[in-house]
Protein chains: 2
Amino acid sequence: MVILGIDPGTTRVGYGLIRKEAGGLQHLASGLFPIPPGDLSSRLFSLHAEAKKMLVSARPDRAGIEQLYFFKNQKTAIEVAEARGVLLFTLAEAGVPIVEITPLQVKLGVAGSGNASKKAVASMVFRFLGITPRSLPDDVTDALAVAIAVSGNVLSR
Amino acid sequence: MVILGIDPGTTRVGYGLIRKEAGGLQHLASGLFPIPPGDLSSRLFSLHAEAKKMLVSARPDRAGIEQLYFFKNQKTAIEVAEARGVLLFTLAEAGVPIVEITPLQVKLGVAGSGNASKKAVASMVFRFLGITPRSLPDDVTDALAVAIAVSGNVLSR
C-alpha cells in the first residue's frame, strides 16, 4: 500500500510518499511541489497541476492531510486553507481516499506522545523510514510524518 | 462585458452574473451552486464541477470574489477559505481574470459607504439591476453586490 502525506503551506507544499509492507515502511519519494511566484489564483493553478502530475505517476492508495486548527496569524491560516481546499479537490478528482488527521494524532502516531517536539518527530521519521538523518525541509519531514501516522491508523483498523 | 460575482460559503456558494452595457447593468442569472452533502473533499469536488459548468456556459469576462478578513469563528474562516481556494483555481483553469475585492470596497461601490447596512446594499443591488425587490438568499444578493462593485471598478479604470 502506497501512502501519501501532504503538508500544505502558503508558498510551498511538502509531500512524502511511503510504501507500507509486511516488513515495515519504505520511503519512496518526497519533496516540495514547485509553485512559481505569481498571484494567488495562478499559484493555486500550479499547485493543482503539480499535485495531479504526482498523483497520476505515484497512484497512492491513500492520502493523509493535516486538519487546520487554531493559528496565531489568521491571514496565514486563510492562505493555507485555500491551498488545502485545492489539494483536497485534487485528491477527490484523482479518486484517492483521504484521511484527515490532527497534528496531535501525527505526533502520537510517529513519536508516541502528543507533546513530542518537532525534533523528536523528525528523528522518528528518519528511523521509521530507515533513511539517514539529513536535513530535509520541515514541510517535507512533516509530510512524511503525516504519511507514517496514517500508515499506523491503517494498521490498527 | 459579462461580470460574475461569487460569495463563497461553507455549505453554499452564491453567484451572480450581470452584463455591463452603455445603458447600465443588466441581471443575467444568479443562484446557489448545488452542493450535495458529503465529506469536505466531495463537496469541494462538486463545487468545482458546478462552477466549471457555469463558467463554460456563461463565459464571464471577469470575476469578482471577496477577500477573506477577520472572522470571529476561525473554523468557519478555514472552511470558507477552502471553498474559496477551489473557486480561485476553477476561475484560473477557465482563464477568467479575477478581481479580489474587500467587503469595504463592495459596500462603497454598491451603496456609497463602507458602513452601509446589509439592507442598504440589498436595496441598491435591486435598484442597479432594475429588478423587483424580492427575497433572494443573502449569498446571492452578496454575489450580485460583488459583481456590481467590480463593474464600477472596471468603469473607473
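Good morning. I begin with helix α2 of chain B, residues 74-93, which has 20 residues and reaches 28 Å from its first C-alpha to its last, close to the 28 Å expected at 1.5 Å a residue. Please bear in mind throughout that this is a predicted model.

How many residues of α2(B) are buried? The count is 16 of 20, and the helix is accordingly described as mostly covered. Just after α2(B) comes B:G95, with a positive phi of about 75°.

Helices α1(B) and α2(B) pack at an angle of about 35°, and their axes are 10 Å apart. Their crossing is right-handed. On the α1(B) side, the contact is made by B:L40, B:L44, B:L47, B:H48, B:A51, B:K52 and B:L55. On the α2(B) side, the residues are B:E82, B:A83, B:V86, B:L87 and B:T90. As a general point, an α-helix has 3.6 residues a turn, so residues three or four places apart point the same way.

I move now to the contact between the chains. Chain B contributes 23 residues and chain A contributes 23 residues. On the side of chain B that touches chain A, α1 (40-58) and α2 each supply at least two residues. Which element gives the largest share of that side? It is α2(B), with 14 residues. The residues on this side of chain B divide into 15 nonpolar, five polar and three charged.

Finally, I come to chain A and its strand β4, residues 62-66. Is this strand enclosed or open? Five of the five residues of β4(A) are buried, so the strand is largely enclosed by the rest of the structure. In a regular strand, side chains alternate between the two faces of the sheet. In β4(A), both faces are covered: A:R62, A:G64 and A:E66 are buried on one side, and A:A63 and A:I65 are buried on the other.

Two strands pair with β4(A), and I take them in turn. Strand β1(A), residues 2-7, runs parallel to β4(A) and is joined to it by four bridges. Within this pairing, A:L4 has A:A63 as its bridge partner. Strand β5(A), residues 98-101, also pairs with β4(A) in the parallel sense, over four bridges. Here A:I65 stands opposite A:E100.

Thank you for your attention.

How values were computed
Residues numbered from 1 in each chain as written. Chains lettered and ligands numbered in written order. Predicted model: local features only at pLDDT ≥ 70, side-chain atom pairs only at ≥ 80, totals over all residues. Expected span 1.5 Å × (residues − 1). Buried ≥ 20, exposed ≤ 12 C-beta atoms within 10 Å, placed from the backbone. Pairing = 2+ DSSP bridges. Contact = placed C-beta atoms within 7 Å. Nonpolar A, V, L, I, M, F, W, Y, C, P; charged D, E, K, R; others polar. Axes fitted to C-alpha atoms, helices over the stretch in contact; angles between N-to-C directions. Left-handed = near helix turned anticlockwise from the far one by under 90°.
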